[in-house]
Amino acid sequence: MKYSSILNYLNSKKCKFCKNELMSKHTTFRIGGPADLFIEVPDVCTLQNLLVMMKKSDIPFFLLGNGSNLLINDDGYRGVILKLDGKFASVEVNGEFMKCGAGVNLSRICKTALENSLTGLEFAYGIPGSCGGAVVMNAGAYGGEMKDVIKTVEFVDQNGEINKISGKDCGFSYRNSLFSKNEYIITFVEFKLSLGSYEDIKSRMEDLIARRKFKQPLNFPSAGSFFKSPAGYHASALIEQCGLKGFRIGDAAVSSKHSGFIVNLGNATSEDIKKLQSEIISQIATKTGINLEPEVINLTDNPNS
Ligand SMILES: Cc1cc2nc3c(=O)[nH]c(=O)nc-3n(C[C@H](O)[C@H](O)[C@H](O)COP(=O)(O)OP(=O)(O)OC[C@H]3O[C@@H](n4cnc5c(N)ncnc54)[C@H](O)[C@@H]3O)c2cc1C
């Protein structure tokens, strides 16, 4: 009943949607119960109309990227999950600029940059996020961050209004941006790269992927580094120093390969992950006086309602 006007609209527009979609299919943790409604949004106009309808009916929603930095509870989500697809999966190259839909995988963007001998995005190769999610998180690795390469960001606010701002105005800081408050939906991102050598870019990308495979537990579902590194420390080193490498609750464990990662050993529940998170935070605080903060976003704490 609550969703009837949205369902009528989706049917009339022939949009793809599912009721009670299991979110474990859409998170790299492979955890998360059913969402009431999961919609693949094909274009800006549909997004604007849905936002207006959800606001009018007071329906909570959440914008899902690739689900690679996300913990969703086992009881799922009572609201609408939006995933950008269709026109949001575009990549256009114009000289040293690339305009990408927010739904495109970061790795595809990096490969397109390589094909055009454009340098600047090599650091992001292997980060399993979408373009939009990477901007929200100011994703970074190996000395690079999204903030270094973003010229403009287009987004839609909760009233359905379209806006465009420059990278300088995105409030980027360590794994954070003005988009982290979940008030806006990023639709398109323009990157400013530089012309470089195809061979150099390729070898840098191959080197970084090899380093990831060597250091990270990629054979288990995870959401990457679970905690932010406090200024002057590495979260993984603190966890290891406190004897928590391999520490396990249920099927959630601190990876024995990289102690910054919490991995799902098979059937971890969201409760397992949250208990492990609390235990790590508590033990690190007691033993070192340092407060760790999760980098991974818990959907329950961040709905757009
Ligand atoms: C194996 C592994 C390795 C990783 N390595 C790294 C790394 O090296 N560096 C790093 O920084 N991160 C890393 N991550 C974490 C993760 O990939 C990044 O944080 C990534 O940027 C998240 O993007 P996403 O599309 O998956 O976002 P999600 O996890 O789907 O969402 C994250 C947040 O962004 C919001 N969001 C997503 N898209 C949009 C949009 N279009 N508009 C508005 N809000 C949006 C969501 O609502 C949510 O609040 C890793 C993760 C894994 C699993």
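**Chatting through the predicted model**

User: Okay, which residue in strand 5 is the bridge partner of L64?

Analyst: That's K83. By the way, this is a predicted model, where local features need pLDDT of at least 70, side-chain atom pairs count only at pLDDT 80 or more, and totals for chains, interfaces and linings use all residues. Residues are numbered from 1 along each chain as its sequence is written.

User: And what counts as a strand or a helix here?

Analyst: They're DSSP runs numbered from the N terminus: helices are H or I with at least four residues, strands are E with at least two.

User: How do strand 3 and strand 5 pair?

Analyst: In the parallel sense, over four bridges. Two strands pair if DSSP finds at least two bridges between them.

User: What sheet are they in, and what's the strand order?

Analyst: An open sheet of four strands, ordered 1-2-5-3 with mixed pairing. Strand 1 (16–22) and strand 3 (61–64) are the edge strands, each pairing on one side only.

User: How many bridges join strand 2 to strand 5?

Analyst: Six, between residues 34–41 and residues 77–84, and these two strands run parallel. V41, for instance, has L84 as its bridge partner in strand 5.

User: Back to strand 3. Are its faces covered or open?

Analyst: Both are covered: F61 and L63 are buried on one side, F62 and L64 on the other. Buried takes 20 or more other C-beta atoms within 10 Å of the residue's own; 12 or fewer is exposed, in between is partly exposed, and C-beta atoms are placed from the backbone.

User: New topic: helix 3. Which residues are buried there?

Analyst: L106, I109, C110 and A113, within residues 106–115. They sit on the same side of helix 3 because they cover an arc of only 100° around the axis. That arc is taken from the directions from the helix axis to the C-beta atoms.

User: What comes after helix 3?

Analyst: S117, with a positive phi near 55°.

User: Now the ligand. Which residues come nearest?

Analyst: Of the 35 residues around the ligand, G65, G129, G132, G133 and G224 do. A residue is near if its C-beta atom, placed from the backbone, lies within 6 Å.

User: Which element gives the largest share of that shell?

Analyst: Helix 4, with five residues. Among the elements supplying at least two residues each are strand 3 and strand 13 (184–192).
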